[in-house]
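Hi there,

Here is the structure I promised to pass on to you. Please open it first, and then read my notes below alongside it.

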Amino acid sequence: MEIIEKAPAKLNLTLDALYKREDGYHELEMVMTTVDLADHITLKNLPEDEIIIRTTSGVLPLDKRNHAFQAAKLMKETFQIKKGVEITIEKKIPIAAGLAGGSSDAAATLRGLNRLWELNLSLDELADLGAKVGSDVPFCVYGGTAFVTGRGDQIQHIGTMPQCWVVLVKPRVGVSTGTVFSALSFEELVHPNTNEMIAAIQNEDYQEMIQNVGNVLEHITIARHPDIERIKYKMLKFGADAALMSGSGPTVFALCEKYSRAQRVYNGLKGFCKEVYLVRTLK
Ligand SMILES: C[C@@](CO)(OP(=O)(O)O)[C@H](O)COP(=O)(O)OP(=O)(O)OC[C@H]1O[C@@H](n2ccc(N)nc2=O)[C@H](O)[C@@H]1O
Ligand SMILES: Nc1ncnc2c1ncn2[C@@H]1O[C@H](COP(=O)(O)OP(=O)(O)O)[C@@H](O)[C@H]1O
């Protein structure tokens with residue numbers, strides 16, 4: 001038997017940090033949503049007790065450093081599964097980009113193994129397991145649009161965000177999430193209005209939504225990679241309704257209600273950056 005799971009990328013419509021916790025993580029408030037740029041995870045049982053990772057990406061680790069490997073190992077250990085599994089990752093989401101590609105692969109592996117091994121676990125149970133792999137995994141287990149708190153492990157679903165087009169631009173730089181968080185200073189923070197964002201989504205108010213995007217990590221990554229600021233400027237100049245960095249970066253996304261605008265932003269940015277994607281939000 002073969003199981004295929006879609007692993008979509010996430011965007012942070014808002015990302016706020018409240019304080020640094022005693023465990024070293026930051027207490028966050030985020031509004032997150034999934035978009036239709038996705039990896040595909042194929043799972044197959046193996047007779048031997050082993051986890052084999054295959055991937056279309058030339059740069060991903062194939063061992064225990066891979067988040068999908070970690071998810072499979074956790075499932076095997078927790079439920080004492082003696083079978084092995086082959087995990088094939090068809091990689092479409094840019095890596096180390098602020099789009100949670102690795103976390104989404106881990107989440108898809110948890111959902112897929114739940115089916116393959118007939119464990120009958122709920123999404124809530126899979127999300128609890130996912131938190132052991134990474135902060136973004138619980139949200140990725142559910143997908144959709146959610147208000148996410150804690151270190152990323154508390155998820156409240158907030159309905160469907162107003163549908164729109166999304167242009168993603170991934171500059172050619174890698175960003176370490178831990179390094180970005182360690183440069184965060186609470187004195188200088190301009191907090192996004194998370195409540196307004198949640199209300200905008202619940203009221204399906206696109207205009208309110210685009211006015212309330214915000215990310216407290218953006219200025220930190222921009223200070224190291226000024227191209228992010230240039231990309232945002234170009235997106236707005238080409239007609240985007242809003243432009244923001246996702247997560248710890250460096251990917252920048254533009255929101256556009258009209259497809260024609262999104263195409264203009266896409267074409268305008270294509271000349272400036274190699275990795276540009278035109279996608280939709282997911283229901
Ligand atoms: C910033 C966010 C926002 O969605 O996304 P990305 O930029 O990674 O996509 C996430 O919180 C990232 O989640 P994830 O990438 O799973 O983080 P983890 O592996 O758990 O943590 C990596 C490092 O980030 C820091 N970290 C992460 C989450 C958090 N709430 N506080 C933190 O301080 C810690 O230094 C930690 O060692
Ligand atoms: N399946 C995976 N897909 C992507 N990255 C992975 C995966 N497994 C491990 N990683 C590692 O996780 C790190 C973060 O990658 P990723 O999840 O794509 O980015 P981000 O946390 O910025 O959203 C990278 O250094 C990458 O090598």
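Let us begin with ligand 1, which sits in the largest pocket. Here a pocket, worked out on a 1 Å grid over the protein atoms alone, is an open set of points where a 1.4 Å probe fits, with protein on both sides within 12 Å along at least five of seven lines. A molecule "sits" there if more than half of its atoms lie within 2 Å of the pocket's grid points.

Before going on, please note that this is a predicted model, in which local features need pLDDT of at least 70 and side-chain atom pairs count only at pLDDT 80 or more, while totals for chains, interfaces and linings use all residues. Residues are numbered from 1 along each chain as its sequence is written, chains are lettered from A and ligands numbered from 1 in the order in which they are written, and side-chain values use heavy atoms, without hydrogens and water.

**Ligand 1**

Around ligand 1 there are 22 residues, and K10, H26, S135, D136 and S248 come nearest; a residue is counted if one of its heavy atoms lies within 4 Å of the ligand. By type, the shell holds 8 nonpolar, 11 polar and 3 charged residues, with Gly counted as polar and Asp, Glu, Lys and Arg as charged. Strand or helix, each element is a DSSP run (at least four residues for helices, H or I, and at least two for strands, E), and β2 (26-46) is among those that give two or more residues to the shell.

Why does ligand 1 lie between two domains? Because domain 1 (2-157) and domain 2 (165-280) both give residues to its shell; the bounds come from an automatic or database domain assignment.

Now the polar contacts (pairs of N or O atoms within 3.5 Å). The side chain of S135 has an N or O atom 2.6 Å from an oxygen atom of ligand 1, and a polar side-chain atom of T177 is 3.2 Å from an oxygen atom of the ligand.

**Ligand 2**

Ligand 2 also sits in the largest pocket. A polar backbone atom of A100 is 2.6 Å from an oxygen atom of ligand 2, while a polar backbone atom of H67 is 2.9 Å from a nitrogen atom of it.

Enjoy exploring!

How values were computed. A polar contact is a pair of N or O atoms within 3.5 Å; within protein, one must be able to donate a hydrogen and the other to accept it, and residues adjacent in sequence count only if both atoms are side-chain atoms. On a 1 Å grid over the protein atoms alone, a cavity is a set of points where a 1.4 Å probe fits but cannot get out, and a pocket is an open set with protein on both sides within 12 Å along at least five of seven lines; lining residues have an atom within 4 Å of a point.
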